[in-house]
Structures are given as structure tokens and as C-alpha cells.
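Biologist: Hi! Could you walk me through this model?

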Amino acid sequence: MTKQTNTIIIFDIDGVIRDVSGSYRRAISDTVEHFTAQAYRPTPTDIDNLKSEGIWNNDWEASEELIYGHFVNQGKTRAQLQLNYQDIVTYFQTRYRGTDPENWNGYICNEPLLAQPNYFEELTQSGIAWGFFSGATQGSANYVLKKRLGLKSPILIAMEDAPGKPDPTGLFATINLLENGSEKKQTVVYVGDTVADMYTVEKAKAVDNSRTWLGVGVLPPHVQETAARRDAYTETLMKAGAKIVFSNVQELTPGQIQEWERK
């Protein structure tokens, strides 16, 4: 019989389970470029700087904010612009999901995976409960979890199910699904790649101090291209509350969890 641990691990998806630098982030840049009439295409650093504010987890809203930012820098006011948010979402989706709503043909089809199915099997065999809380849509999240990774009925709270991060409502909802009336787990680990993810853990801790809450940072691939960028991003996550920062999610092993439980 598998020994049950006293820990739940909940994963973010984008930048943790899949590399979205060439998909979601590319779609942000495409969208901003389109709505600024090709005058401005945000760089990966521009996007990271915005997300480091901790409130732009939703990539549609991040796109809108970057568009506004460009025009404000040109001396216009937000009131003058009157951007249509739904138009921004629709264009973004044609880049990310593609132009065929039934058979997706957009950037999502080519996202490199950052974790393998056997990693989740190892967690299960070690008695560790695990699930996902992501700002991605249900469709996008399940595309990677079920279709790409082959996970069977993964526990998932997605964009449609809870307020956006750093609101911890979705994190608590994921915990409830995983515990499902069983004995309460003492430690909750949330694994994410952004400041908003770490803030979510801090807010959860403020709501429920009866558990141990651990924010684990993962460096998305696009920030690992230079040592300076990797170190700066690591520091940003640590300042936001991360206990530790890994280069890849699979470095968070059952052995690491057991070591934390012994302390």
C-alpha cells in the first residue's frame, strides 16, 4: 500500500508544464502589434516587466494593457482610445488556438512540454496528491493535460472556474477537489512561474494559517537564455515569496517533498 504523505502539490500550467514563450507570449506580441497598427511589438522582457507587477496573469488583459501603454506613451488618454476588449480576445485566439475552432491549428499545437507523464506517476506512487490551478481556459489546459500528456481526469481549476490570480479562490477550490472530504493535508505546495503565482500563495496563507503554504518557483525557458536574466527572474520570484526556485518542474521530486515534511 502506498504511504500517504501530508502534502498536496498544485501546479500552474503555463511556463511550468508547457513552454508558452512561442505560443501565449507570441500571441500577446502579435495582438499588441496588430492593434497598434504595427507600431509596437512588445519584447519578452516587456511582457515579463508587466507580469512582474503581479496582476496581469490573464494574457488577454495583459495584451490590452500593453496596447493602452503604447498609446499613452504617445500622449493619448485611455478614454480617447475606447479599445474593444472582445475584439482583442478574438484576435488573440486566432493566433493562439488558430483559425479552425474544431481542429486547432494555432501556436498551441507546437508548445514544448516541460514535464513528462511518468513524473506525475511518480508523485502518485509516492502518495502525493496533485492537481492544477491555471489561468488558462479549460480548453487550452485540457489540450496539454489530456491530449498531450495523456493524464486521465486530472483535477483542474481553470479560467472559467475561479477569479484570476492572485485571488486564491481557485487554489482553495483545487484543494477541496483533491481532499474530497478526506483528511485535511497539512502542507500545500503551489508551483508557478510568475509573481502572481507567488502572491496567490501569500494571500492563501493570510486566509488560512492552519496549513503550511509553500510557493515553489519555476523559471520559464525564455528567461534561462542568459545567466543575468535567469538570476534576475529568480530574485523576483524569491522576493514575491518563493521558498525555492527550480529550472524545471521535475526537480520538485517526491524526495524533496519528504525532506520538507521531515523538517
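Modeller: Happy to; we can go through the backbone, a helix pair and the cores. This is a predicted model, where local features need pLDDT of at least 70, side-chain atom pairs count only at pLDDT 80 or more, and totals for chains, interfaces and linings use all residues. Residues are numbered from 1 along each chain as its sequence is written, and side-chain values use heavy atoms, with hydrogens and water left out.

Biologist: Great. Which peptide bond is cis?

Modeller: The one from Lys165 to Pro166, with omega near 15 degrees. Pro166 sits in the loop between strand S3 (156-157) and helix H8 (169-179). Helices (H or I, at least four residues) and strands (E, at least two) are DSSP runs, numbered from the N terminus.

Biologist: And what is the phi of Gln38?

Modeller: Positive, about 65 degrees, although Gln38 is not a glycine. Look for Gln38 in the loop between helix H1 (24-35) and helix H2 (44-51).

Biologist: Is Gln38 buried or exposed?

Modeller: Exposed, with a relative accessible area of 56%. The cut-offs are under 20% for buried and over 50% for exposed, with partly exposed in between (1.4 Å probe, protein chains only).

Biologist: Where is Gln82?

Modeller: In the loop between helix H4 (78-81) and helix H5 (85-96). Gln82 has a positive phi of about 50 degrees and is not a glycine; at 67% relative accessibility, Gln82 counts as exposed.

Biologist: Switching to packing: how do the axes of H2 and H3 cross?

Modeller: They come within 11 Å and cross at roughly 110 degrees, H3 being residues 59-73. Axes are lines fitted to C-alpha atoms, for helices over the stretch in contact, and angles run from 0 to 180 degrees between N-to-C directions. H2 and H3 are therefore roughly perpendicular, a label for 65 to 115 degrees.

Biologist: Which residues make that contact?

Modeller: Ile47, Leu50 and Lys51 of H2 meet Asp59, Ala62, Glu65 and Leu66 of H3, where contact means heavy atoms within 4.5 Å.

Biologist: Nice. Now, how many residues has the largest nonpolar core?

Modeller: It has 52, and Phe11, Phe120, Phe132 and Val191 have the most contacts inside it. Such a core is a set of buried Ala, Val, Leu, Ile, Met, Phe, Trp, Tyr and Cys residues joined through side-chain atoms within 4.5 Å. H3 gives the most to this core, with six residues.

Biologist: What is Phe120 in contact with?

Modeller: Leaving aside neighbours within four places in sequence, Phe120 is in contact with Phe11, Ile17, Ala115, Trp130, Phe132, Leu149 and Leu151. A second, separate core of 14 residues includes Ile8, Leu178, Val201 and Trp213.

Conventions:
Angles under 35 degrees count as roughly parallel, over 145 as roughly antiparallel, 65 to 115 as roughly perpendicular and the rest as oblique.
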